[in-house]
Amino acid sequence: MGMELGKYKTCVSARSTDKEILKKAQDGGIVTSLFVYALENGIIDGAIVSGQGDRPWKARPYIATTKEELLAARGTKYNISPQISWLKEATRSYGFDKLGIVGVCCQMQALRKAQLYPVGMRDVPDKVALAIGIFCMENFPYKSIQQLVEDHAGQKMQAVKKMEIGKGKFWVTTERGNTIALPLKITHKYEQPGCHVCLDYVSNLGDISTGSVGSPDGWSTVFVRTKKGEETWNKAVGAGLFETKPIEQVKPGLELVTKLANEKITKNKKHIEERATFGVNKGLRNPYI
Amino acid sequence: MPSDVKMEKKVEVSKKEEKPVSNKITAGHVHLSGCTGCLVSVADNYNGLFKLLDDYVDWVYDLTLADVRHVPEMDVAFVEGSVCIQDHEAVEEIKTTRKKSKIVVALGGCAAYGNITRFARGGQHNQPQHESFLPIGDIIDVDLYIPGCAPTPQQIRNVAVMAYLLLKGNDDQKKLAGNYLKPLMNLAKRGTTACFCDLMYDVINQGLCMGCGSCAAACPVRAITHEWGKPQGQRDLCIKCGACYNQCPRSWYSFDVMNEFEGIMDIIDGAMK
């Protein structure tokens with residue numbers, strides 16, 4: 001297909017050099033480290049991150065203005081966090097002129113739509129200083145995660161230390177050391193339906209996008225995509241924030257990223273086609289024009 | 001004069017205004033039943049408005065800003081407000097606007113969708129019979145919508161720059177501007193009603209919502225929150241402006257435009273420098 005990885009300037013495998021960040025990071029601690037660096041160096045005034053909601057492992061958008069708040073949001077939560085809902089509020093109530101935001105692929109799309117077609121996003125378009133996109137195959141409603149953890153894995157939500165999707169399984173690790181691996185065959189039906197029309201796997205529209213796929217355990221694959229992204233990334237690497245390796249020199253490398261991206265896009269394109277003939281002479285909407 | 005008061009150097013009379021750029025497009029603001037908030041949003045581009053007026057647009061009609069009594073010929077008419085069908089003047093004005101403009105833009109929620117004027121019931125001094133207000137698209141053909149209450153200064157700026165490129169640019173610029181404007185032109189064909197319900201009908205019920213939160217941020221009356229990651233609208237608060245639906249990335253989305261976001265933002269920034 002050719003464009004499955006989006007436009008990018010460079011791609012590396014990277015890991016934060018900050019031990020504190022890595023302790024609770026999902027993989028290489030890329031997002032947290034970049035935001036901490038950007039915050040401490042005046043590149044951003046604060047960032048919309050995905051913090052802890054009102055139930056164990058429930059995600060919610062959170063506006064972080066300190067390193068502590070950024071660190072509190074480490075790790076992936078695998079349920080919906082409406083990041084964009086705070087976009088205007090961050091520039092108004094919080095008064096940010098330079099905003100950081102992290103989100104999954106569709107949220108990067110929403111962000112760019114908000115900038116190019118700011119229908120209800122007064123004064124937002126020119127205030128986004130650093131948008132970090134996360135690789136994403138699909139997301140789950142909170143109740144789905146609860147069902148997977150409690151019913152399928154047989155664990156209490158509050159006992160979970162880490163959730164992870166990798167190597168074809170959904171992994172639940174508890175504070176007491178249990179590890180349960182659910183085959184993705186089980187998780188599929190719990191996925192958020194809206195994800196099945198998504199044609200982006202590696203957050204093509206982030207300034208920088210990152211995810212575990214393609215890099216060894218504990219490392220992250222990083223695409224640097226825009227001028228803004230490149231500027232911040234180069235400064236951060238120059239300041240010694242990350243260990244990096246050329247993506248060509250790590251296993252499984254870009255080959256796996258490309259394969260999974262194509263799998264997602266092909267599957268979802270097919271889904272969109274099926275929607276067009278869903279009923280009898282009636283179809284479901286296709287949002288793409 | 002006391003000796004400690006310094007006389008400031010007299011400001012030199014500024015240079016004579018240069019000849020207007022002949023390449024400009026002509027545009028104007030047609031004011032129907034709206035609150036002038038849309039026009040204020042145009043002005044809220046601050047220096048950007050001067051840049052637009054200096055280099056790209058001759059502002060040929062505007063009851064509040066230009067000394068012109070009747071709707072003149074123009075390339076682009078930005079119409080604010082809905083049409084009171086009991087107001088003969090308003091009906092004539094919108095018809096004339098259609099006749100005399102190449103492109104008619106519904107500027108803001110009232111012109112596009114009726115917005116708050118949908119709730120009008122008349123009975124107000126001194127024209128109590130003025131009770132029925134329609135979006136301009138119910139009276140004339142409209143080419144393009146800029147929804148929102150108020151539409152944002154940046155959205156107006158983006159459309160103005162793109163309209164200029166479409167009418168005066170080179171082939172590449174025309175294509176880019178065409179791609180950019182196409183979704184907003186499609187909106188003009190889609191219809192004249194808007195509501196939080198659009199999100200329910202065309203996004204959520206259609207299995208397209210992924211809980212990004214755009215709608216909640218876009219809503220000017222904070223009627224939308226997210227419960228369990230999905231939008232909930234307090235429909236009694238909804239003013240029917242269409243911002244939530246149109247901000248949603250799953251209502252309409254153009255890869256041609258969005259994949260070029262960095263280049264397009266550079267072009268707009270460059271045009272405004």
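Buried area is the accessible area, taken with a 1.4 Å probe, that two parts lose on being put together, summed over both. The views below come from a predicted model, in which local features need pLDDT of at least 70 and side-chain atom pairs count only at pLDDT 80 or more, while totals for chains, interfaces and linings use all residues. Residues are numbered from 1 along each chain as its sequence is written, chains are lettered from A and ligands numbered from 1 in the order in which they are written, and side-chain values use heavy atoms, with hydrogens and water left out.

**View 1. The interface between chain B and chain A.** Between chain B and chain A about 4700 Å² is buried, and carbon and sulfur atoms give 56% of this area. On the side of chain B, the residues that lose the most area to chain A are B:Trp228, B:Gln247 and B:Tyr253, which together make up 16% of what that side buries. In terms of contact, meaning heavy atoms within 4.5 Å, 58 residues of chain B touch 48 residues of chain A. Five salt bridges are counted between the two chains, a salt bridge being a side-chain nitrogen of Lys or Arg within 4 Å of a carboxyl oxygen of Asp or Glu. The side chains of A:Lys227 and B:Asp266 form a salt bridge, with 2.5 Å from N to O.

**View 2. The two domains of chain B.** An automatic or database domain assignment divides chain B into domain 1, residues 25-190, and domain 2, residues 196-251. Eleven residues from domain 1 of chain B and eleven residues from domain 2 of chain B take part in the contact, and the C-alpha centres of these domains are 25 Å apart. The two domains of chain B bury about 820 Å² between them, with 56% of it on carbon and sulfur atoms. Two salt bridges are found across this domain interface. B:Arg190 also forms a salt bridge with B:Asp198, and the closest N and O atoms of that pair are 3.7 Å apart.

**View 3. Helices H5 and H11 of chain B.** Helices (H or I, at least four residues) and strands (E, at least two) are DSSP runs, numbered from the N terminus. Axes are lines fitted to C-alpha atoms, for helices over the stretch in contact, and angles run from 0 to 180 degrees between N-to-C directions. Helix H5 (residues 153-168) of chain B packs against helix H11 (residues 261-272) of chain B at an angle of about 85°, and their axes are 10 Å apart. H5(B) and H11(B) are therefore roughly perpendicular to each other, a description that covers angles of 65 to 115 degrees, whereas those under 35 count as roughly parallel, those over 145 as roughly antiparallel and the rest as oblique. In this contact B:Arg157, B:Asn158, B:Val161, B:Met162 and B:Leu165 of H5(B) meet B:Ile264, B:Ile267, B:Ile268, B:Ala271 and B:Met272 of H11(B).

**View 4. Helices H2 and H8 of chain A.** Helix H2 (residues 30-40) of chain A and helix H8 (residues 227-238) of chain A cross at roughly 90°, their axes coming within 10 Å. H2(A) supplies A:Ile30, A:Leu34 and A:Tyr37 to the contact, and H8(A) supplies A:Thr232, A:Trp233, A:Lys235 and A:Ala236.

View 5. A:Lys270 and A:Glu274 join their side chains in a salt bridge, 3.4 Å from N to O. Because these two residues are four residues apart in helix H9 (residues 254-276) of chain A, A:Lys270 and A:Glu274 are separated by about one helical turn.

**View 6. Backbone details in loops.** Most residues other than glycine have a negative phi, and most peptide bonds are trans. The peptide bond from A:Lys251 to A:Pro252 is cis, with omega near 0°, and A:Pro252 belongs to the loop between strand S11 (242-246) and H9 of chain A. Another cis peptide bond runs from B:Cys149 to B:Ala150, with omega near -15°.
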